[in-house]
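Here is a short report on one helix and some ring contacts. Look at the structure first, then read on.

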Amino acid sequence: MSMPSLFQGKLALPLIGSPMFICSYPELVLAQCKAGVVGTFPSLNARPINVLDEWLGLMSDELRGHAAANPGRPVAPFGVNLIVHKSNGRLMDDLALVVNHRVPLVITSVGAPTEIVPAIHSYGGLVFHDVTNVKHAKKAIEAGVDGLILVCAGAGGHAGTLSPFALLPEVREFFDGLIVLAGSMSSGRAVRAAEVLGADMAYMGTRFIATKEAHATERYKEMILEGTAADIVYTPVFSGVPGNYLAHSVIANGIDPAAVSMSPSGGKPNVSDWDNPGKKAWKDIWSAGQGIGTIHDLPTVADLVARLVAEYQEACGQPGSTAILRAAAE
């Protein structure tokens with residue numbers, strides 16, 4: 001499909017920085033947007049709720065000013081992730097702030113976005129919904145979302161188990177709207193591959209944790225640099241929903257990864273029977289995707305995006321000057 005007007009002329013490449021609990025704070029989101037990548041964050045990162053009001057005002061003002069001061073350079077819009085599960089007691093209050101600030105993009109997760117879509121559409125905003133299978137994709141389409149984010153095997157956070165080569169083509173058979181592909185995206189070549197497979201945009205999270213601006217501890221970043229795909233454990237134990245975590249962070253908290261890992265055949269530990277060690281997902285047990293094996297440095301977001309753009313252009317058969325791309329991202 002054609003790119004929504006929200007993104008036209010504002011992107012350095014078709015990429016959304018995924019919203020990451022604890023890691024995605026204003027410094028990271030603003031750096032992504034200024035480099036021409038859509039930056040997003042979970043509303044629940046802003047605590048207490050009045051902080052969300054402050055962040056939304058700050059981001060809107062700063063990006064507006066940056067675009068005015070840098071005409072001709074891509075400055076991407078930002079987005080907010082709303083968890084629509086009934087356990088989120090802040091949802092309606094967060095939604096009210098999002099509507100008040102007219103946030104351009106809302107990403108909904110873990111539940112049906114039925115009530116969210118009309119509220120965001122009331123001012124012309126877009127709603128993309130996270131899905132891991134065809135059933136959830138069809139429900140999101142029925143709710144009227146503008147785009148689907150296919151969270152495939154290997155993605156950081158709450159990920160699915162389906163290969164992108166299976167899920168994306170199947171969804172394309174009944175959905176001609178915007179599709180964003182997630183799962184082990186760590187390079188500009190992967191962004192191009194997502195397009196070749198049929199996606200309109202790519203979704204990248206873990207690669208941005210390993211940047212100067214990410215709100216993550218140094219040890220968290222070091223584990224990403226040191227790790228490989230073999231160091232990722234997939235389990236529902238820590239949050240109740242299957243997700244990918246750094247095995248070494250699991251071990252560091254006194255837990256055996258083998259005892260909590262789901263089997264390749266789909267078998268999983270009984271969460272209700274698990275002796276809760278008092279450790280929390282994201283805060284104590286750190287998440288990452290399977291693409292960490294090719295992440296070896298901690299650049300600034302501007303430097304990383306320039307590199308991604310160069311890789312993307314090369315994959316498209318249009319190699320460009322890294323120096324020029326770097327200057328455009330600053």
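Helix α2 (residues 49-69) has 21 residues and spans 31 Å from its first C-alpha to its last, close to the 30 Å expected at 1.5 Å a residue. That expected span is 1.5 Å times one less than the number of residues. Helices are DSSP runs of H or I with at least four residues, strands are runs of E with at least two, and both are numbered from the N terminus.

This is a predicted model: local features need pLDDT of at least 70, side-chain atom pairs count only at pLDDT 80 or more, and totals for chains, interfaces and linings use all residues. Residues are numbered from 1 along each chain as its sequence is written, and side-chain values use heavy atoms, with hydrogens and water left out.

The buried residues of α2 include V51, L52, W55 and L56. Their cover includes α1 (26-34), β2 (38-42), β3 (78-83) and α3 (91-100); contact means heavy atoms within 4.5 Å.

W55 also joins Y25 and F41 in a cluster linked by ring pairs. Rings of Phe, Tyr and Trp (its six-membered ring) pair if their centres lie within 6.5 Å; planes under 30 degrees apart count as stacked, over 60 as edge-to-face and the rest as tilted. The whole structure holds six aromatic pairs. Y220 and W286 are stacked, because their ring centres are 4.9 Å apart and their planes are at 10°. Y220 lies in helix α9 (residues 218-226) and W286 in the loop between α11 (257-260) and α12 (301-315), 66 residues apart.

Technical notes. Buried < 20%, exposed > 50% of the residue type's maximum accessible area, 1.4 Å probe, protein only.
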